[in-house]
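Thank you all for making time. I would like to walk through the salt bridges in this next structure, and then take your comments.

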Amino acid sequence: MFRTRWVYVIITLSMILASPPVATTSRAQGRWQDAGIINSQQPPPEGEDVKHRLERLEPSKPQTIMEWPEDIIDDSFYPKDIIPISEVLQKGTAVPFIILKNDPDFRRPVYEEHWHSTYWGGRWSYMPMRIHYALHRLYTTYDIGISSELDFKQNVGIEFPVFQNRTDLDLYIVVFQTTVTHVYTHGNQIVLSGKPTRDGVQVISIKTSALRPFDLNKKLLVQLATAQGHELDYSLIVYEPPDFWIKQIQPKDSEYNR
């Protein structure tokens, strides 16, 4: 591992130790003590604890949420010159991909234990967030930080290996209930073509060096589709260049060598 990754690890662990999560039941308290996260700190009064957990579960007032706030982007960042998926499949450039995880028998759980409000202070328990993730079968991320990697994996409920490549950044794509057969790109579009299935999960990675976005100021539109060009799901993500990590490492190396 590179020095930068260890810096992220140290910072993340420091944050966790500085702000230990709250557990309410004796069973939950035992989990934290076994993990070494809670020492002699006493749990808060039951009323305060329930209030905190409620805040982690639902909005402060009744409301209709149509879109997850983090997914709302300004129209100016939405990619232009989008063409039909069928055209990308016919005229686009084939992109090599690596299958990091392939479990055709995987069944998505309705609820996972670590989504409970007594885990990590309710870090993954917010119900609108849980519903948001349940609505999709396609998710995209980079290996650009321990904290974001932790949140991403816990939210999708899938573990998979990540590789911090200094000169050739990977884009990771988690796909549920579809067997990916081909990946094509055209401008700011990436299309994953595959066969829909009832169960199963795949995690694939592609190199950002294989992409040729028309506009680096726009996001990438990643689309999951059938072989006939019917969209099943989509994800928007910023484009990060292949040398992302070397650019992060060089300034820190300069500081260390002063």
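**Salt bridges**

Searching the whole structure gives five salt bridges, where a salt bridge is a side-chain nitrogen of Lys or Arg within 4 Å of a carboxyl oxygen of Asp or Glu. Please keep in mind that this is a predicted model, in which local features need pLDDT of at least 70 and side-chain atom pairs count only at pLDDT 80 or more, while totals for chains, interfaces and linings use all residues. Residues are numbered from 1 along each chain as its sequence is written, and side-chain values use heavy atoms, with hydrogens and water left out.

Let me begin with D151 and R123, whose side chains meet in a salt bridge at 2.7 Å, N to O. This pair links distant parts of the chain, 28 residues apart, with D151 in helix α6 (residues 146-156) and R123 in the loop between β2 (98-103) and α5 (127-134); helices (H or I, at least four residues) and strands (E, at least two) are DSSP runs, numbered from the N terminus. D151 is partly exposed at 24% relative accessibility, and R123 is partly exposed at 25%, given that buried means under 20% relative accessible area, exposed over 50%, and partly exposed in between, with a 1.4 Å probe and protein chains only.

Helix α6 also holds both K153 and E149, which are four residues apart, about one turn of the helix, and their side chains meet in a salt bridge at 3.2 Å, N to O. Here K153 is buried at 8%, and E149 is buried at 14%. A network of salt bridges links E149, K153 and E159.

Finally, D243 pairs with K247, their closest N and O atoms lying 3.7 Å apart.
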